[in-house]
Amino acid sequence: MDFSLTPEQELFRKSAREFAQQELEPMAAILDKEHRPAIENLKKLGALGYLGMSISEEYGGIGADALSYAIVMEELSRACASTSTSVSVQNSLVNDVFNKFANDEQKQTYLPKLATGEFIGAFALSEPESGSDASAMKTTATLDGNEYIIKGSKMWITNAGFADVFIVTATTDAAAKHKGVSAFIVEKDTPGFTIGKEEDKLGIRGTSTCEIHFDNCRIPVSNRLSDEGMGFKIAMVTLNGGRIGIAAQALGIAQAAMDEAVKYSQEREAFGQKISNFQSIQFKLADMKAQIEGARLLVYKSAWKKDVGQDYSTDSAIAKLVAGELASQVADQALQIHGGYGYIRDYKVERLYRDARITRIYEGTSEIQKLVISRSMLG
Ligand SMILES: Cc1cc2nc3c(=O)[nH]c(=O)nc-3n(C[C@H](O)[C@H](O)[C@H](O)COP(=O)(O)OP(=O)(O)OC[C@H]3O[C@@H](n4cnc5c(N)ncnc54)[C@H](O)[C@@H]3O)c2cc1C
């Protein structure tokens, strides 16, 4: 077994780390404080190809493998989890839908724009009354001649405040339950489509999260992705892959929290010595390191399985569960090492503590990951 990365993967890590330190780190606390979406960061990332990592060169992307993408997500998240959230939505939840389920015309229309960041995408599955139980969605799409009429609302939609194109799931046949869900492409200026209020969140405050509304919104039949009834499958396949990105994000947040804890413990003095001399601090740091290394192996393994074409659905659920829970634990312990200073906004660890929390909720809560994992064991 060979655990080494390819020269290309090493280069992705180096370039993403440099970019994150130079461009993302200085802005991260400001975006968080001002609750301002990371649009400027996304423009820069788009110009460098990071928004089209999963898009093939044929459509203007860089066609990177899943492991390179996970490495980039990890590095960007160490500096700014808000920015990496939007990068993850674009690559995992939008580009990958087009890659796998769009027809040639849809690919030609959207992928080149998504690859450069000219278009920012959003993925709209959750609703006010259905998140984990996504098949209980109430949004409908009714065929009327050569158009669908969409009615309903979606909630918690990342990037919604500034996105250009939305992947939207809606029920086309309520009697068929999850097999009656279809997926559609909706552009932002479509009549009948409106963006609702911006949510005021605990963490990842440099992202836009809004409700979106469809009031007799008409879209052409040509905007349907794949066949009628394929929408739920599209969403589930997409989330399987998306979980690798969120697991990598959680890993990056955990790594950043540990880095902050190591640094602070070597600066802060108590009882006449550096607090890093206390065994209780040393053991906290050792636990962080051991857990992060374990989670990294899980994240990389699930990405590697995707790259070699093996079934990775259970692996990505395990990686997301472990890394997501770990990010909160490590950030909590890192904050503890900072004492009172960890509790104030001037210290990065305070933001990491808040940003970590979302990785246990979106793209399937930790409880839903456990359902996926236990189903693979019990059938
Ligand atoms: C900041 C943010 C960004 C988001 N971005 C997007 C986005 O871009 N697109 C999108 O579509 N959605 C997005 N979401 C929605 C997110 O995916 C959902 O919040 C998540 O799936 C949980 O759904 P819910 O909030 O309805 O909770 P619920 O499904 O109501 O769950 C409530 C609690 O019950 C538990 N639970 C539910 N069912 C079970 C079960 N069967 N067994 C055990 N426990 C269970 C859950 O784990 C949770 O603890 C986002 C959410 C947030 C907060």
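How many residues of domain 1 are in contact with how many residues of domain 3? In this predicted model, 21 residues of domain 1 touch 21 residues of domain 3. On the domain 1 side of this contact, helix H1 (7-34), helix H3 (66-79) and helix H4 (81-101) each give two or more residues. H3 provides the largest share, 10 residues. Sorted by class, the side of domain 1 that touches domain 3 holds 9 nonpolar, 5 polar and 7 charged residues.

These two domains belong to a chain divided into three parts: domain 1 (7-119), domain 2 (122-229) and domain 3 (239-378). The centres of domain 1 and domain 3, taken over C-alpha atoms, are 21 Å apart.

The next stop is helix H2, which spans residues 39-47. Its buried residues are Asn-41, Leu-42, Leu-45 and Gly-46. Viewed down the axis of H2, these buried residues fall within an arc of 135 degrees, so they line one face of the helix. The buried residues of H2 pack against H1, H4 and helix H5 (104-116).

Ala-47 and Gly-117 are 70 residues apart in sequence, and their C-alpha atoms are 7.2 Å apart in space. After H2 comes Gly-49, which has a positive phi near 95 degrees.

Helix H9 (residues 348-356) gives another view of burial. Of its 9 residues, 8 are buried, so H9 is largely enclosed by the rest of the structure. The buried residues are Lys-348, Val-349, Glu-350, Arg-351, Leu-352, Tyr-353, Asp-355 and Ala-356. They pack against H1, H4, H6 and helix H8 (313-337).

The largest nonpolar core has 112 residues. Those that touch the most other members are Ala-70, Phe-184, Ala-257, Val-299, Ala-323 and Ala-331. Helix H6 (residues 231-267) gives the most to this core, with 17 residues. Which residues does Phe-184 contact, leaving aside its neighbours within four places in sequence? They are Ala-141, Tyr-148, Ile-150, Val-168, Ala-170, Ile-219, Asn-223, Arg-224 and Leu-225.

Ala-247 lies in helix H6. This residue is buried, because 35 other C-beta atoms lie within 10 Å and 20 or more is the threshold for a buried residue. Apart from its neighbours within four places in sequence, Ala-247 is in contact with Val-299, Ser-316, Ala-319, Lys-320, Ala-323 and Gly-324. Ala-247 and Glu-118 are 129 residues apart along the chain, and 27 Å separate their C-alpha atoms.

Most residues other than glycine have a negative phi, and most peptide bonds are trans. Ile-204 is not a glycine, yet it has a positive phi of about 35 degrees. Ile-204 is found in the loop between strand S6 (193-198) and strand S7 (209-220). With 28 other C-beta atoms within 10 Å, Ile-204 is buried. Glu-363, also a residue other than glycine, has a positive phi near 55 degrees. Its place is in the loop between H9 and H10. Glu-363 counts as buried because it has 29 C-beta neighbours inside 10 Å.

Terms used: Residues numbered from 1 in each chain as written. Predicted model: local features only at pLDDT ≥ 70, side-chain atom pairs only at ≥ 80, totals over all residues. Helix = DSSP H or I, 4+ residues; strand = E, 2+ residues; numbered from the N terminus. Domains from an automatic or database assignment. Contact = placed C-beta atoms within 7 Å. Nonpolar A, V, L, I, M, F, W, Y, C, P; charged D, E, K, R; others polar. Buried ≥ 20, exposed ≤ 12 C-beta atoms within 10 Å, placed from the backbone. Arc of directions from axis to C-beta. Core = buried A, V, L, I, M, F, W, Y, C linked by C-beta atoms within 7 Å.
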